[in-house]
Amino acid sequence: MAAISAHSPRTGTIEAFADAAATGAEYVEFDIRRTADGELSAFHDARTRQGDPLAAISYSRLCELAGYPVPRVADVMTMIAGKATGHLDLKDTGGEEQVVEMALDILGAGNFVVTTLEDRSVAAIKARFPAVPAALSLGRDLDEVPRSRRAATRLSELLPMRRLRACRADWVAVHRRLAAAGVVAQCHRAGIKTMVWTVDKDAEMRRWLTDRRVGVLITNRPADAVALRASLPSVRPAASRAP
């Protein structure tokens with residue numbers, strides 16, 4: 001059955017990441033953003049709740065505005081090392097090499113996967129670190145895309161093979177709606193490993209956990225997903241499910 005990734009907690013204290021690592025999920029996801037002073041922070045949102053972009057404030061100011069010590073990426077990696085596989089979700093472009101080198105040093109080769117919405121970030125990782133698993137994420141929020149490009153953006157996600165081959169992604173992280181629309185089937189045929197996000201309803205968890213085309217299920221309910229998986233009798237063959 002599919003492995004489980006604990007989705008990056010919105011209030012990402014170091015204790016929240018420790019709790020995620022203790023659920024039995026094989027992966028712990030953490031979003032990676034760079035502050036104005038170059039600190040790699042594990043922070044879910046692009047802005048603080050006061051509206052400040054992380055790229056425009058220092059790490060100390062981020063902690064002050066967040067109201068808690070925002071974990072540094074190195075601290076999260078150190079905490080999960082040996083307990084779970086790192087699921088590194090890059091939110092910024094540029095600096096990919098620093099993140100991957102940190103992960104290789106702390107987590108070790110084979111103990112993490114990198115995901116990103118940006119083709120160029122996947123391409124940069126695969127060019128410098130061809131053995132590191134890198135996933136192109138599909139399911140961009142169209143509110144962030146100019147109206148004139150929204151249809152083309154979504155079409156490129158529904159039919160992603162050209163993009164995946166161009167950036168040399170060996171994984172794909174697919175939004176659950178795109179997964180149900182046939183993207184999982186396309187990627188399986190092409191030999192590309194698949195993650196499905198973010199799956200929180202029991203029926204959908206059951207569906208994707210038992211689909212042998214899916215390698216990793218990403219959820220906000222990792223403990224429940226682990227318990228549900230343990231209760232399931234077998235994996236249904238891919239051919240039994242409509243693409």
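**Salt bridges and a helix pair**

Biologist: What is the relative accessible area of R61?

Modeller: R61 has a relative accessible area of 34%, so it counts as partly exposed (buried is under 20%, exposed is over 50% and partly exposed lies in between, using a 1.4 Å probe and protein chains only). This is a predicted model, in which local features need pLDDT of at least 70 and side-chain atom pairs count only at pLDDT 80 or more, whereas totals for chains, interfaces and linings use all residues. Residues are numbered from 1 along each chain as its sequence is written, and side-chain values use heavy atoms, with hydrogens and water left out.

Biologist: Which residue does R61 form a salt bridge with?

Modeller: The partner of R61 is E64, with the closest N and O atoms 2.7 Å apart (a salt bridge needs a side-chain nitrogen of Lys or Arg within 4 Å of a carboxyl oxygen of Asp or Glu). Both residues lie in helix α2 (residues 59-66), three residues apart, which is about one turn of the helix; helices here are DSSP runs of H or I with at least four residues, numbered from the N terminus.

Biologist: And E64, buried or exposed?

Modeller: E64 is exposed, at a relative accessible area of 55%.

Biologist: How many salt bridges are there in the whole structure?

Modeller: The search finds 15. Among them, D119 pairs with R163 at 2.7 Å between the closest N and O atoms, and this pair links distant parts of the chain, with D119 in helix α5 (residues 119-128) and R163 in helix α7 (residues 161-167), 44 residues apart. D119 is partly exposed at 24% relative accessibility, while R163 is buried at 18%.

Biologist: What about K91, which residue does its side chain meet?

Modeller: The side chain of K91 meets that of D89 in a salt bridge of 2.9 Å, N to O; K91 is partly exposed at 35%, and D89 is buried at 8%. E97, E101 and R128 are also linked, in a network of salt bridges.

Biologist: Changing topic, at what angle do α1 and α3 cross?

Modeller: The axes of α1 (residues 14-21) and α3 (residues 73-80) come within 10 Å and cross at roughly 30°, with axes fitted to C-alpha atoms over the stretch in contact and angles running from 0 to 180 degrees between N-to-C directions. The two helices are therefore roughly parallel, a term for angles under 35 degrees.

Biologist: Which residues make the contact?

Modeller: I14, F17, A18 and A21 of α1 meet D75, V76, M79 and I80 of α3, contact meaning heavy atoms within 4.5 Å. These residues divide into seven nonpolar, no polar and one charged; Ala, Val, Ile, Met and Phe are among the nonpolar types, and Asp is among the charged ones.

Note on methods. Parallel < 35°, antiparallel > 145°, perpendicular 65-115°, else oblique.
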